[in-house]
Amino acid sequence: MNTTSSAYTSTWQSPSNLAIVKYWGKKELQQPINPSVSFSLSKAVTTTTVSLTPTKSSGFSFYLNNEEKPAFRPKIQKFLDRIRSRIPLIDQFHLNIYSSNTFPHSSGIASSASAMSALAFCLADLQQQVAGEKNLSIQEVSYLSRIGSGSAARSVYGGWNLWGHLPEIPESSDFHAIPLPIKIHPLFKTLQDDILIVSDQRKKVSSTAGHALMHDHPFRNGRIKQAHNNTLLLLKHLENGNWEGFSTIAENEAMSLHGLMMSSHPSFTLMLPATLSLINEIKEFQQNSGLPVTFTLDAGPNIHLLYPQNVKKEIVKWENQKLKPLCEKGTIIHDHIGDGPQKISQQK
Ligand code: PMV
């Protein structure tokens, strides 16, 4: 397939991100019911090229790792329909979208965050090429990304980011993410994320279905308050280099997220027996070693083990001995905090 014959082409690489305070539950058009805080990953990225073909009938083709993937079409179609008023080229061209991920689909890394933000960057860039308008601001790209997938709003920056309005942080917004408006302590600038793969099977309940169950969840109001408090506290810990505080919030958010799933109607469980065995190992090691290591979970059974880079040697030694045997096919994916999206090339 030829991605470069079009007069208009754009390629962007964008990272996935990992939330410490979790987004769980939404209002209309992917506005969150609570604020969330995440960091962008370094190695888990999607690279997307969009090239435009002039056409009377608009539309798109989508290829993932060089294969046409009809299963992704409805989500992309919905995204394009929702943003066509902001990106008019959608009605003027056929979009050829070529995407590839550095990480396996269903590995517990949010591919929708990296994929939707990479696509939003390409479309914003192309709209500027086609219409000669000034570049969309990064906040506008975050806004577009959010419409594709909520957590994608946070993938448009590197480092630590906040999405969702908090009265205490006037620049925060439900519409787009912002970089954390604090000075991050060095301890949290080198955060490692080792993803302990418990299962690489597609999860049985999608995030979309999980978000919807928060609508009339009996703990909805308590959850909104908890996320609000955890966000403000987390910001303090990230600024002060308070590992204990950070660790408490990371684990509390992970367990609360899964508690909300288990207490919704209908209830569902995404943790598997090996998830609990790994958590027990981690808790025991934390107590015995006194080393700064903690964990979080996303909407799936896999565990994200978090620690600063200066203890990597000790952690990896223990991880290989105790945790690797509990992982599916001994799989651990090593990643760390990253610098954010990058424009790869542009051909005219
Ligand atoms: O962006 P979505 O709809 O895939 O939701 C993501 C939800 C969590 O990953 C569980 C939490 C988060 O804030 O990323």
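Visitor: Is cysteine 327 buried or exposed?

Guide: This is a predicted model, in which local features need pLDDT of at least 70, side-chain atom pairs count only at pLDDT 80 or more, and totals for chains, interfaces and linings use all residues. Residues are numbered from 1 along each chain as its sequence is written, and side-chain values use heavy atoms, with hydrogens and water left out. The relative accessible area of cysteine 327 is 6%; under 20% counts as buried, over 50% as exposed and in between as partly exposed (1.4 Å probe, protein chains only). Cysteine 327 is therefore buried.

Visitor: How many disulfides does a search of the whole structure find?

Guide: A disulfide is a pair of cysteine sulfur atoms within 2.5 Å. Searching the whole structure for disulfides gives a count of zero.

Visitor: How is H7 oriented relative to H8?

Guide: Helix H7 (residues 273–289) packs with helix H8 (residues 312–323) at about 140°, their axes being 11 Å apart. Angles under 35 degrees count as roughly parallel, over 145 as roughly antiparallel, 65 to 115 as roughly perpendicular and the rest as oblique. H7 is therefore oblique to H8.

Visitor: Which residues of H8 make the contact with H7?

Guide: Contact means heavy atoms within 4.5 Å. From H7, the contact involves Leu278, Glu281, Ile282 and Phe285. Their partners in H8 are Ile315, Trp318, Lys322 and Leu323.

Methods:
Axes fitted to C-alpha atoms, helices over the stretch in contact; angles between N-to-C directions. Helix = DSSP H or I, 4+ residues; strand = E, 2+ residues; numbered from the N terminus.
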